[in-house]
Amino acid sequence: MSARAGEREVAKRNYAYGYAKGVVRALMRGRLALAAFRMRHSPLGAFEWLRYLRPPNRSGDAGVPMAADPARDIAVLAHGAQQH
Amino acid sequence: MRLLFVGRLHRDKGVFDLPLIDRALDDRGIAVTWTVIGTGPDEPALRDAWTGAHVSFLRRRAHEEVLAIAADHDAFVLPSRFEGFPLALLEAMGAGVVPVATRLESGVAESITDGTTGFLREAGDIAGFADAIAALDRDRARLASMADSARRHVAAHHDMRTCTDAYQALFRATASCDVPVRPMSSCRTARGSIGAGSRTSPCGRSRLIRRAQGEWSDAGRAAGLGADDGVQPRALHRRRHRKRARTDVHRLRASRRRRLLHDSTVAIARRYESDPRVRVIVNERIAATIQTGITPSRSPGTLLQVHDSDDVMYPHCLAVMVRALDMIPEAGLALSAHHAWSGAPTPIASTPRLSYCREFLGFGMFSQGPSNALFRTDVFRALGGFPEVGRTRNLAFWLHACRTTTVALAAADLYWYRVHEGQHLRTAESAFDLAARRRFRGRR
């Protein structure tokens, strides 16, 4: 699996967890209709829920530039990342 | 001599020097009692190494109690290896306790004038600490004189009221420039963007202009501080006069009247109308055109801000955001948040790739309102403005914008996002709206 594909898998996992958290929060507040509505409008299918619903794998380093531009005294690039 | 130590019982605080100093004082024939306040990982080891009836370990105590206990002591011993700006030291000095502390390149050395308001000794200099305490014991008049000097130093330089004034002056100086402050009515922001004379515009939606100053001055008055008229305009003028760039601040809420009324924005705005610095302006047309991304012809500024009228912009925010855009010319917008961006001092140039990583692999970046950004006007036009997709319009816009342009991540908390009763985003209808529309975020 390429690095980009791996990243996408992690991103989906993080997204699934956040989405599920919203559903659980609605349930905990007794808003059953909202929870059901959210599940009905979920972008993930049953298989994807089973595959991606895991604890999130978020990193504080994500999106952090790791190299500085000394000319401007700012950080510009992520470690090992390419600019699009 | 009654000696005091207050702090975390950790070797970084030099706590294992205390029994050695005690022994050195004993060798010099000085009778002392010690009070040690605090807990920490090295407390058991310290207790094992330092026994005797003249040592009292009081562990953790309430702040008021610590101050009362400190007042009954003669000297405060702080043999730390590392310190920042120790408040325990200042509080002890304020209570009239003479400090004997390590000479560190920190607030310790700034707070103590050696020989006048206390003693500074090198780290680990046990004999030096003992000699200083012994000198105080021998010369009680000097002890009283130094205690008085220490108390006066704290009162003069670290009193809350003095420090508040100094902070206010600092913020004021940061946000200000050398040009004179002009009255609000002549400010480019109001005249150019919203339109002079639109106060009486017949078509309409209310716009609260400079509610931020009103809120700021209210907060200042509540805190007993003086309001500073014109701090925010000065930030705007600074750009105008120094860089010949113009910033247009559009304060708007939403495009639909019912939502506006539902949010009670009009009522909120009217509450501040009694303040002479606040104007409520009615102009529906401008908001609609901005909403669809067409900047009005009366807004020729190079920078643009779209501001929710029930949020608050702190006085220095535009100065900070403009500077971020100045530093990163390739950035199409500057973005602040209610938390510090991880990873680097700001501003950070976040390329589309970095923005993607921060949002989906990190702790998020797109949960911001329009108020949190300052745009280059041409970039905002090219992006097409905030799409009309209900509650998710902000998210949709950030996804689009951050995929398109580099973002200058600016310092945190330049705005106050005000959560209040009657807010549209808190309604059940809005929650369903979000659920229905959020799916696009999960698409590839």
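Colleague: Let's start with strand 5 of chain B: which of its residues stands opposite Leu78(B)?

Modeller: Ala101(B) is the one facing Leu78(B). Helices (H or I, at least four residues) and strands (E, at least two) are DSSP runs counted from the N terminus, and two strands pair if DSSP finds at least two bridges between them. Here strand 4 (residues 75-78) of chain B and strand 5 (residues 98-102) of chain B share four bridges and pair in the parallel sense.

Colleague: Before I go on, what sort of model am I looking at, and which residues count towards what?

Modeller: It's a predicted model: local features need pLDDT of at least 70, side-chain atom pairs count only at pLDDT 80 or more, and totals for chains, interfaces and linings use all residues. Residues are numbered from 1 along each chain as its sequence is written, while chains are lettered from A and ligands numbered from 1 in the order in which they are written.

Colleague: Good. In what order do the strands of that open sheet in chain B run?

Modeller: In a regular strand, side chains alternate between the two faces of the sheet. This open sheet has six strands in the order 3-2-1-4-5-6 (chain B), with parallel pairing. Strand 3 and strand 6 (119-121) of chain B are at the edges with a single partner strand each, so one side of each has no neighbour in the sheet. From one strand to the next the twist averages 20°.

Colleague: And how many bridges join strand 1 of chain B to strand 2 of chain B?

Modeller: Five, between strand 1 (residues 2-6) of chain B and strand 2 (residues 33-37) of chain B, which run parallel. Phe5(B) has Val36(B) as its bridge partner in strand 2 of chain B. To get from strand 1 to strand 2 of chain B, the chain goes through helix 1 (residues 17-27) of chain B, in a right-handed β-α-β crossover. Right-handed means that, with the strands pointing away from you, the path from the first strand over the helix to the second runs clockwise.

Colleague: What does Val36(B) stand opposite in strand 3 of chain B?

Modeller: Phe57(B). Strand 2 of chain B and strand 3 (residues 55-59) of chain B are parallel and joined by four bridges. Together with helix 2 (residues 43-49) of chain B, these two strands make a right-handed β-α-β unit.

Colleague: Now helix packing. At what angle do helix 1 and helix 6 of chain B cross?

Modeller: Two packed helices are described by the angle between their axes and the distance between the axes. The axes of helix 1 of chain B and helix 6 (residues 126-138) of chain B cross at roughly 55° and come within 9 Å. That makes helix 1 of chain B oblique to helix 6 of chain B. Axes are lines fitted to C-alpha atoms, for helices over the stretch in contact, and angles run from 0 to 180 degrees between N-to-C directions. Under 35 degrees counts as roughly parallel, over 145 as roughly antiparallel, 65 to 115 as roughly perpendicular, and the rest as oblique.

Colleague: Which residues of the two helices make the contact?

Modeller: Contact means C-beta atoms, placed from the backbone, within 7 Å. Helix 1 of chain B contributes residues including Leu20(B), Ile21(B) and Ala24(B), and helix 6 of chain B residues including Phe129(B), Ala130(B) and Ile133(B). An α-helix has 3.6 residues a turn, so residues three or four places apart point the same way.

Colleague: And which strands does helix 4 of chain B lie across?

Modeller: Helix 4 (residues 87-94) of chain B lies across strand 1, strand 4 and strand 5 of chain B, at about 155° to strand 5 of chain B.

Colleague: Is Asp12(B) buried, exposed or partly exposed, and what about Cys317(B)?

Modeller: Buried takes 20 or more other C-beta atoms within 10 Å of the residue's own, exposed 12 or fewer, and partly exposed is in between, with C-beta atoms placed from the backbone. Asp12(B), in the loop between strand 1 and helix 1 of chain B, has 13 such neighbours and so counts as partly exposed. Among its contacts is Arg81(B), which is 69 residues away in sequence but 5.3 Å away, C-alpha to C-alpha. Cys317(B), in helix 15 (residues 317-327) of chain B, has 26 neighbours and counts as buried. Beyond four places in sequence, Cys317(B) contacts Leu414(B) and Tyr415(B).

Colleague: Why is helix 16 of chain B described as largely enclosed?

Modeller: Seven of the nine residues of helix 16 (residues 352-360) of chain B are buried, so the rest of the structure largely encloses it. Tyr356(B), Cys357(B) and Phe360(B) are among them.

Colleague: Finally, what share of each chain is buried?

Modeller: In chain A, 20% of the 84 residues; in chain B, 43% of the 444 residues. Chain A has three helices and two strands, running α-α-α-β-β from the N terminus, whereas chain B has 19 helices and 16 strands.
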